[in-house]
Amino acid sequence: MSGDPEIHEEHEGLEARLKAYEGRPAAATGTGRDPVNEPMIRHWCEAMGDTNPAYTGPDAIAPPTMLQAWTMAGLSRRPERTAAYDELLTLLDESGHDAVVATDCEQEYLRPLRPGDEITFDSVIESVSERKTTKLGPGYFVTTRTDIRAGGELAGTHRFRILKYAPARRPKASNTPEERRPRPVVNRDNAGFWEGVARHELLIQRCTGCGTLRFPWLPGCNSCGSPDWDTVGASGEGTVYSYVVMHHPPFPAFAPPFAVGLIELAEGVRIVSDVVGVPYDKVRIGMPVRLEFRRYDDELVLPVFQGVAR
């Protein structure tokens with residue numbers, strides 16, 4: 001907190017006003033736009049590559065992680081959103097905390113959802129943090145909790161947290177070096193992958209219990225639960241399974257617009273990476289791509305995928 005007494009008092013006054021919104025409803029008596037249904041479950045499973053048999057057949061349940069899907073309003077403003085939530089966001093905007101980023105969510109599953117279940121929900125402003133200093137800038141974490149019901153019975157809880165912040169202003173000197181790309185997060189579970197990348201190898205984990213390939217790297221097998229594994233090297237051939245074109249927000253280390261693809265490798269696993277060598281607006285689902293490794297600075301080498309002309 002600033003040492004200036006007036007600024008300190010100003011922040012304390014704002015925090016008191018923000019705290020007054022805790023416990024007030026953010027959405028009241030909401031109703032899912034559609035009942036739980038098989039087509040949405042099927043599309044979800046296809047997109048996620050989830051072949052769990054529990055999600056098909058006459059006794060199918062919905063994947064628990066679809067919990068929020070049944071409450072989403074689409075592109076329109078949700079009618080059940082309350083004035084209190086809008087007032088809270090407006091207060092933050094007017095105090096200079098007008099930028100927003102989603103930070104995390106937590107879900108708790110209390111009972112399975114099945115096709116035909118009618119969904120209702122309500123949300124509450126659960127908490128507003130004290131003022132925090134972050135790399136993005138100073139701001140406040142706002143947490144909402146949504147209780148989701150099926151047939152009037154509590155089926156799950158979804159907590160969603162955002163940071164409303166005042167963007168940090170950094171003076172740009174004329175001799176400031178070019179911004180570096182963000183560094184990958186390397187831990188004990190994925191260190192072997194990045195060691196392979198440094199050798200220009202794209203390594204895929206293989207369960208030695210059942211032979212299932214997996215990516216990204218994980219400490220255990222999703223198919224059989226075995227913790228034992230080895231690796232196989234990817235051939236480098238693949239296709240664009242899906243993609244997005246990044247336009248905003250701008251970031252000094254990147255030059256938008258550019259295409260980011262979900263690449264399905266010939267081995268059957270998928271990886272997120274840049275699609276290079278073709279204009280961003282020429283990238284298409286099904287486009288063949290080939291692996292290459294690019295060095296971005298003295299420390300960073302990344303796998304990218306070069307578009308291949310048909």
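Trainee: Leaving aside neighbours within four places in sequence, which residues is Phe-305 in contact with?
Mentor: This is a predicted model. In it, Phe-305 contacts Leu-202, Gly-236, Ile-263, Leu-265, Ile-271, Ser-273, Asp-274, Val-275, Val-276, Val-289, Arg-290 and Leu-291.

Trainee: Is Phe-305 buried or exposed?
Mentor: Phe-305 counts as buried, because its relative accessibility is 0% and the cut-off for buried is under 20%.

Trainee: And where is Phe-305 placed?
Mentor: Phe-305 is in strand S14, which covers residues 301–307.

Trainee: What share of the contacts in the whole protein comes from residues 24 or more positions apart?
Mentor: Such pairs account for 62% of the contacts with a separation of 6 or more.

Trainee: How many of the residues count as buried?
Mentor: The figure is 35% of the 310 residues. The protein exposes about 18300 Å², and 53% of that comes from carbon and sulfur atoms.

Trainee: Switching to helices. How many helices and strands are there?
Mentor: There are four helices and 14 strands.

Trainee: What happens at the start of H2?
Mentor: H2 spans residues 38–48, and at its start a side-chain oxygen of Asn-37 comes within 2.9 Å of the backbone nitrogen of Met-40. Just after H2, Gly-49 has a positive phi of about 70 degrees.

Trainee: Last one: how far apart are the mean positions of the positive and negative charges?
Mentor: They are 4 Å apart, for 35 positive and 44 negative charges.

Methods
Residues numbered from 1 in each chain as written. Predicted model: local features only at pLDDT ≥ 70, side-chain atom pairs only at ≥ 80, totals over all residues. Heavy atoms only, no water. Polar contact = N/O pair within 3.5 Å; in protein donor to acceptor, adjacent residues only side chain to side chain. Helix = DSSP H or I, 4+ residues; strand = E, 2+ residues; numbered from the N terminus. Buried < 20%, exposed > 50% of the residue type's maximum accessible area, 1.4 Å probe, protein only. Contact = heavy atoms within 4.5 Å. Areas by Shrake-Rupley, 256 points an atom, 1.4 Å probe, with all protein chains shown as cover. Lys, Arg positive; Asp, Glu negative; His and termini not counted. Charge placed at Lys NZ, Arg CZ, Asp CG, Glu CD.
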